[in-house]
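This briefing reviews selected features of the structure shown below.

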Amino acid sequence: MGIRLDGNAYNNCTIEPFYDSLLVKMLATARSHEEATDKMRRALDETRIRGVKTNIPFLHNVVKDKQFREGAVDTYFIDEHQNLFNFDTSKNRAQKLLQYLGEVNVNGPMTPLPTNLKPATIKPECPPFKPVAEHHGLRDVLCKGGAEAFAKAVRNHEGLLITDTTFRDAHQSLLATRVRTLDLKEVAPFVSNSFPSLFSVENWGGATFDVAMQFLHECPWERLRELRKAINIPFQMLLRGANALGYSNYPDNVVKDFCNLAVKNGMDVFRVFDCLNYVPNMIVGMNAVGEAGGVIEAAISYAGDVSDTRTPA
């Protein structure tokens, strides 16, 4: 005896209005009508559905109604009890708590610090390097012969090709993508002169685009253009297929125009992936990159069984 849920609702599902918009059927079983009503009331209290309006407030009023609890209802019950449609405003405490925790996790505490100590002032120093008058690498191959010549040069290359992810993934993973364009420009000449044979410098895409605008108050396009002036190495970015740099699908023409602008502003290699390895989503991004004249680097997402303790860390 207890609560049984029958339904087919899941995260991000679409609720169609054309036939049956039932999300979940809830059944309460107990030794008496009163006990079953109490179980149902608690189950409704603990049910959370976001994104669509539901009749939970109405059902909550029904199960707490005295006449319903006594089992003395007939087919006129709803018509004669219009108070069932007087709904209490949801406090939505759980959602507010999750939003607060996410805000603190991303942006730091919102309360004053318990100390008057000021943060340490550390000025990073760029490592010394010897300027190279001129060097030719894969970037020159791409500019002269296009993506096909670039791909041919990569296939004919003997040895290991390395991508430097410091300008994007390194500080995205460790510093929430908070390294400024100003700081990246400081170290850019060192990277360009010290590692001219790199396959690419990954410095864009992923979270760099929205973080630059939301938190750093910078223009991500300007970052791309400024770094292009300082580094003569192929630039690489992370493209989420049909999602571009967002977290939901965009129209195909938006993805195409975005890739065109990215190439015009200095982007070269586009690492295209989909978190679920959904090939149709990847194809949208790859076609857009190809039409824009960029280099397509298709990638698949892979993760081992993190719950398997036998797997080496």
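Glu-297 and Arg-271 join their side chains in a salt bridge, with an N to O distance of 3.9 Å. Because Glu-297 belongs to strand β7 (residues 295–298) and Arg-271 to strand β6 (residues 269–272), the pair ties together parts that are 26 residues apart in sequence. The model is predicted, and the points below are grouped by topic.

**Salt bridges: the network around the strand pair**

**Salt bridges: other pairs**

- In total, the structure holds 15 salt bridges.
- One of the pairs is Glu-34 with Arg-69, whose closest N and O atoms are 3.9 Å apart.
- This pair links distant parts of the chain, with Glu-34 in helix α1 and Arg-69 in helix α3 (residues 66–69), 35 residues apart.
- Arg-69 has a relative accessibility of 22%, so this residue counts as partly exposed.
- A further pair is Lys-229 with Glu-226, where the closest N and O atoms are 3.2 Å apart.
- Both Lys-229 and Glu-226 lie in helix α10 (residues 220–230), and their separation of 3 residues is about one turn of the helix.
- Lys-229 is exposed because its relative accessible area is 67%.

**Largest pocket**

- The volume of the largest pocket is about 910 Å³.
- Its lining comprises 25 residues, of which Pro-57, Asp-88, Thr-89, Ser-90 and Lys-91 are the closest to the centre of the pocket.
- Helices α1 (33–45), α2 (56–64) and α5 (93–107) each supply at least two residues of this lining.
- The largest share of the lining, 6 residues, is contributed by α2.
- By class, the lining of the largest pocket contains 8 nonpolar, 9 polar and 8 charged residues.

**Second largest pocket**

- The second largest pocket has a volume of about 790 Å³.
- Among the 32 residues that line the second largest pocket, Leu-23, Val-24, Ile-49, Thr-54 and Ile-56 are the closest to its centre.
- Strand β2 (24–28) and the helices α1 and α2 each provide at least two residues of the lining of the second largest pocket.
- The lining of the second largest pocket divides into 21 nonpolar, 9 polar and 2 charged residues.

**Nonpolar surface patch**

- A nonpolar patch on the surface is formed by Leu-97, Leu-98, Tyr-100 and Leu-101, which together have about 420 Å² of accessible area.
- Within this group, Tyr-100 is located in helix α5.
- Tyr-100 is partly exposed because its relative accessible area is 42%.

- His-217 has a positive phi of about 55° although it is not a glycine.
- The residue His-217 sits in the loop between α9 (208–214) and α10.
- With a relative accessible area of 66%, His-217 is exposed.
- Ala-244, also a residue other than glycine, has a positive phi near 55°.
- The loop that holds Ala-244 runs between β5 (235–239) and α11 (252–264).
- Ala-244 counts as buried because its relative accessibility is 5%, under the 20% limit for that class.

**A distant residue pair**

- Asn-193 and Lys-53 are 140 residues apart in sequence, and their C-alpha atoms are 59 Å apart in space.
- Asn-193 is part of helix α8 (residues 181–194).
- The relative accessibility of Asn-193 is 17%, so Asn-193 counts as buried.

Conventions: Residues numbered from 1 in each chain as written. Predicted model: local features only at pLDDT ≥ 70, side-chain atom pairs only at ≥ 80, totals over all residues. Heavy atoms only, no water. 1 Å grid on protein atoms, 1.4 Å probe; cavity = no way out; pocket = protein on both sides within 12 Å on 5 of 7 lines; lining within 4 Å. Points joined across faces, edges and corners; volume = space filled by probe spheres on them. Helix = DSSP H or I, 4+ residues; strand = E, 2+ residues; numbered from the N terminus. Nonpolar A, V, L, I, M, F, W, Y, C, P; charged D, E, K, R; others polar. Patch = residues over 30% accessible without salt bridge, like charges linked within 9 Å, V, L, I, M, F, W, Y side chains within 5 Å. Areas by Shrake-Rupley, 256 points an atom, 1.4 Å probe, with all protein chains shown as cover. Salt bridge = Lys/Arg side-chain N within 4 Å of Asp/Glu carboxyl O. Buried < 20%, exposed > 50% of the residue type's maximum accessible area, 1.4 Å probe, protein only.
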